[in-house]
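Here is a short report on one protein model. Look at the sequence and the fold, then read on.

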Amino acid sequence: MTPEPGRRRHVIDLDDVSAEEIEAILETTASMKEVLSREIKQVPALRGRNVVNMFYEESTRTRISFELAARALSANIVNFTARGSSVEKGESLVDTVRTLQALGADIIVIRHSQAGAPYLAAHHFRGAVINAGDGRHAHPTQALLDLFTIRERRGQIRDLNVVIVGDILHSRVARSNLWGLTRMGARVTLCAPPTLLGPAAYWRATWPEVVISHHFDTALADADVVMALRIQKERMQAGLLPSLREYSRAYALTPERLERLGAQTLIMHPGPMNEGVEIWPEAVVAPNAVIEEQVTNGVAVRMALLYRMAG
């Protein structure tokens, strides 16, 4: 049974989060964004609570936005990285979590290269756990900030046509967005070359309503939102792409494709971006691009989750 809004203990992914709970989180996010618009961007909601950023992977946007979110709520924030810690001496994830618990952590924010690591942490931690990205599995806070950005700019999510283009196969952002977007009533198209999509049967079995496409120009025809995903050079070295130039020709948000988009079609990217590969500089600074807004909204979304879970 899905917990009532505000009663969730952990946020590991959006697969078990109802539309009503997502709506409640987005409403709380709007309140937190109002706090961030004030001259003094801080409220005492989490005073005395200890939040630990437990990052086993490098990160800029996610780690800093969680830190800013915790500080805006007056929480005590500690940034933990595997490098320079007892992890280098062989300490396991479970032992590290238990150590942080003994030190008084109330909320752990974990980012890990291994899928399932947040589940393991949650199993051994008495407080709350927020997944800040685990392997290819999930990135729920990115999906929530994407949902908030879409709703803020378009007024709704239901019935919008959202095209996610790029390295779908390896993307935790795509998976969490699929759960969130479909639950909120959006129509989603996944667009990628076959080597970066994986078995279409998997996507259709999990999300039967999702459209699969290998032709970006066709998918763009009725798009209300276009979300480009980062292309990593390792994919080409692994033989999944003939070349970055060939990928860009078929799937990048180029100036030519930009001209064909509607004036209200939102351009999104979870970052970091490879400009000139999956997205051109002209698309990044286009009037309908909301990439910087996504980053800004990330702080408000993470404030909302910390506030609701601490409550």
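## Helix α5 and what follows

Just after α5, Gly155 takes a positive phi of about 85°. The model is predicted: local features need pLDDT of at least 70, side-chain atom pairs count only at pLDDT 80 or more, and totals for chains, interfaces and linings use all residues. Residues are numbered from 1 along each chain as its sequence is written, and side-chain values use heavy atoms, with hydrogens and water left out.

Helix α5 covers residues 140-154. Helices (H or I, at least four residues) and strands (E, at least two) are DSSP runs, numbered from the N terminus. Buried means under 20% relative accessible area, exposed over 50%, and partly exposed in between (1.4 Å probe, protein chains only). Among the buried residues of α5 are Pro140, Leu144, Phe148 and Arg151.

## Two domains

The protein chain is divided into domain 1 (19-139 + 295-310) and domain 2 (140-291). These bounds come from an automatic or database domain assignment. The domain centres, taken over C-alpha atoms, are separated by 26 Å.

Contact means heavy atoms within 4.5 Å. By that rule, 29 residues of domain 1 are in contact with 26 residues of domain 2. The area buried between the domains is about 2200 Å², and carbon and sulfur atoms give 60% of it. Buried area is the accessible area (1.4 Å probe) that two parts lose on being put together, summed over both. Which residues of domain 1 lose the most area to domain 2? They are Leu26, Arg136 and His139, together 32% of what that side buries.

## Nonpolar cores

A nonpolar core is a set of buried Ala, Val, Leu, Ile, Met, Phe, Trp, Tyr and Cys residues joined through side-chain atoms within 4.5 Å. The largest one has 91 residues, and Ile164 and Leu190 touch the most other members. Helix α13 (residues 291-310) gives the most to this core, with 10 residues. Domain 1 and domain 2 each supply at least three residues to this core.

Leaving aside neighbours within four places in sequence, Ile164 is in contact with residues including Leu181, Leu190, Met227 and Leu229. A second, separate core of 16 residues includes Met54, Ala105, Ala122 and Val129.

## Aromatic pairs

Rings of Phe, Tyr and Trp (its six-membered ring) pair if their centres lie within 6.5 Å; planes under 30 degrees apart count as stacked, over 60 as edge-to-face and the rest as tilted. The count comes to six aromatic pairs. Tyr56 and Phe80 form a tilted pair, 5.9 Å centre to centre with 55° between the planes. Tyr56 lies in the loop between β1 (50-55) and α2 (61-72) and Phe80 in strand β2 (residues 76-81), so the pair ties together parts that are 24 residues apart in sequence. Phe80 is buried, at 13% relative accessibility.

Tyr202 and Trp207 form an edge-to-face pair, at 6.2 Å and 90°. Tyr202 is partly exposed at 36%, whereas Trp207 is buried at 3%.

How values were computed. Expected span 1.5 Å × (residues − 1).
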